Amino acid sequence: MRFLLRKILRIFISQSKKPGENKQLSGSNTAEFDNIPATSKLSMRIAMIKTVMGSSLDVVIREIVIGDESKIPAAVIYLDGIVDKNTVFEHILRPLMFEAQSIQTLEKLSPQKVFKKLIENRLSAGEVMEKENNSELFAHLVGGDTIILIDGHLPFIAVCTRAWEGRGVEEPENESTIRGPREGFTETLKVNMSQLRRRIKSPHLRFDSYYIGLISQTTILVTYLNNLANPKLVKEIKQRLERINTDHILDTGDMEEFLEDNPFSPFPQAKVTERPDVVAAGLYEGRVAILIENTPFSMILPTTFFEHLQAADDYYQRPWFGAALIRWLRVFAFNVALLFPAIYVAITTFHQELIPTPLLVSLAGAREGVPFPALVEALIMEVTFELLREAGLRLPASIGTAVSIVGALVLGDAAIRAGIVSPAMVIVVALTAISTFSIPGFAVALSLRQMRFPLMLLAATLGLFGVMFGLLVILIHITSLRSFGVPYMAPLAPLMPRDLKDIFMRPPFWAMNRRPRYVRSLDPLRQEENLMPRPPQSDKSGEKKDNP
């Protein structure tokens with residue numbers, strides 16, 4: 001089936017291509033400007049920039065003269081709104097125009113010597129680069145750098161002045177915790193990098209940058225700990241990034257579809273989070289994170305199925321009973337969200353003998369007068385609830401929740417009074433929805449919502465045999481998945497007993513001595529053994545002594 005879908009998709013793509021679309025996209029959206037003849041004449045270069053950038057309001061071109069006697073024409077160019085104007089004025093324009101010492105030392109010098117003098121001891125900005133070709137000029141300009149052109153000298157100076165308005169660091173709404181950090185990623189890449197640096201004070205932390213997108217030139221950071229991450233995993237991720245050939249990347253959703261092993265699977269093969277502490281914990285295990293600019297979400301690779309049922313609160317609360325009970329509750333909620341409507345349809349349609357007699361009589365009385373079979377009844381309620389949930393998400397936050405709750409109550413009560421659905425079906429759909437909301441991973445919850453409808457159709461045609469057949473298909477599919485070579489059901493399939501202790505329960509941190517084996521970290525040992533705290537012991541003389 002998977003091979004057939006891929007073949008159909010390949011045929012569709014090949015037929016939908018227009019002539020000339022088979023050529024490879026360039027890795028840079030400014031490579032075409034390298035064909036423009038290079039010139040050192042300032043007026044011609046300014047005219048070229050105006051032609052390429054058009055009459056955009058944010059393009060600022062400030063023409064100046066360096067030196068009182070040499071009077072070398074120059075130009076300072078930047079895009080308003082994405083640069084720090086204070087940096088441009090204090091560290092670029094002031095040294096070039098107003099400081100007397102700078103002007104006196106630049107008298108009667110050639111453009112080449114003036115260029116060198118500016119780079120060496122006149123520009124006080126933190127990052128000053130010397131570039132030459134036109135593609136680099138436009139790449140730095142649209143990236144927030146300030147360009148300095150000098151008449152008679154072909155290379156130009158690019159000064160890092162990037163700064164733009166951004167959202168402050170806030171607690172993630174979708175991943176809030178009772179106990180733990182209240183910080184989340186923002187849309188600014190520098191802020192996200194700093195949050196990881198504060199949590200991982202190690203010189204082995206790496207941020208390898210890529211620019212992906214013919215037009216967007218989106219900055220992608222491959223983040224990992226060089227002494228823990230497997231080099232083969234890092235190499236595979238980088239190779240997949242280099243194969244991406246598109247005109248834009250906007251979010252982790254775009255990136256995930258280009259990187260995942262099986263794009264036709266309903267299950268997510270990358271863990272997406274906006275919590276820096278979750279990313280730091282993944283890096284400490286030897287995983288690799290991908291940060292994308294202009295989005296607060298990041299991806300952690302590789303991932304497994306059970307990690308989508310875990311939450312950050314599991315590691316900030318008491319272990320054993322607290323975390324274990326909550327995790328088992330999530331596993332139960334997962335099964336309810338997936339199977340409850342299908343089992344109800346199967347039992348009420350084909351297997352009434354499985355229902356106790358008092359309950360059967362109650363259900364029969366409740367369904368008396370309902371004109372639809374159980375399948376149609378379940379489909380009506382599920383589709384209605386999905387519409388209410390979608391409406392609640394799209395409405396403003398102040399009224400979205402109220403509309404969803406009131407709409408569900410009013411419609412459910414009206415449907416029962418009108419005899420369209422039975423009260424039992426309303427209870428089944430409500431419990432299913434509550435169980436779906438109990439799952440931390442939104443992508444897995446979305447997968448359950450998709451698979452619920454085929455299971456209900458199988459239950460209405462084959463009864464419990466159809467439900468079991470659907471479960472077997474899902475189980476076979478999920479055990480065949482891989483996330484960058486890691487089995488999706490690890491450590492349960494294949495069985496890794498040592499790693500099971502952090503799946504259905506969370507042991508104390510002093511007992512988590514080793515990193516997960518399926519991640520294949522370079523250093524499997526996390527900490528020393530025998531770190532369990534013990535009270536001080538006393539010898540026969542009554543003096544206290546510490547444990548060895």
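1. Handedness first: helices α13 and α15 cross in the right-handed sense (the near helix is turned clockwise from the far one by less than a right angle). This is a predicted model, where local features need pLDDT of at least 70, side-chain atom pairs count only at pLDDT 80 or more, and totals for chains, interfaces and linings use all residues. Residues are numbered from 1 along each chain as its sequence is written, and side-chain values use heavy atoms, leaving out hydrogens and water.

2. For the geometry, α13 (residues 374-394) packs on α15 (residues 423-437) at about 45 degrees, and their axes are 10 Å apart. Axes are lines fitted to C-alpha atoms, for helices over the stretch in contact, with angles running from 0 to 180 degrees between N-to-C directions.

3. Who touches whom? From α13, the contact (heavy atoms within 4.5 Å) includes Met 381, Phe 385 and Arg 389; from α15, Val 429 and Phe 437 are among the residues involved.

4. Now the sheet: 5 strands make an open, antiparallel arrangement ordered β1-β2-β4-β5-β3. Strands here are DSSP E runs of at least two residues, and helices are H or I runs of at least four, numbered from the N terminus. At the edges sit β1 (59-66) and β3 (128-131), each pairing on one side only.

5. Inside that order, β2 (residues 72-79) and β4 (residues 145-150) pair over 4 bridges (pairing takes at least two DSSP bridges). Ala 75 has Leu 149 of β4 as its bridge partner.

6. Finally, α3 (residues 85-97) lies across β1, β2, β4 and β5 (156-160), at about 30 degrees to β1.
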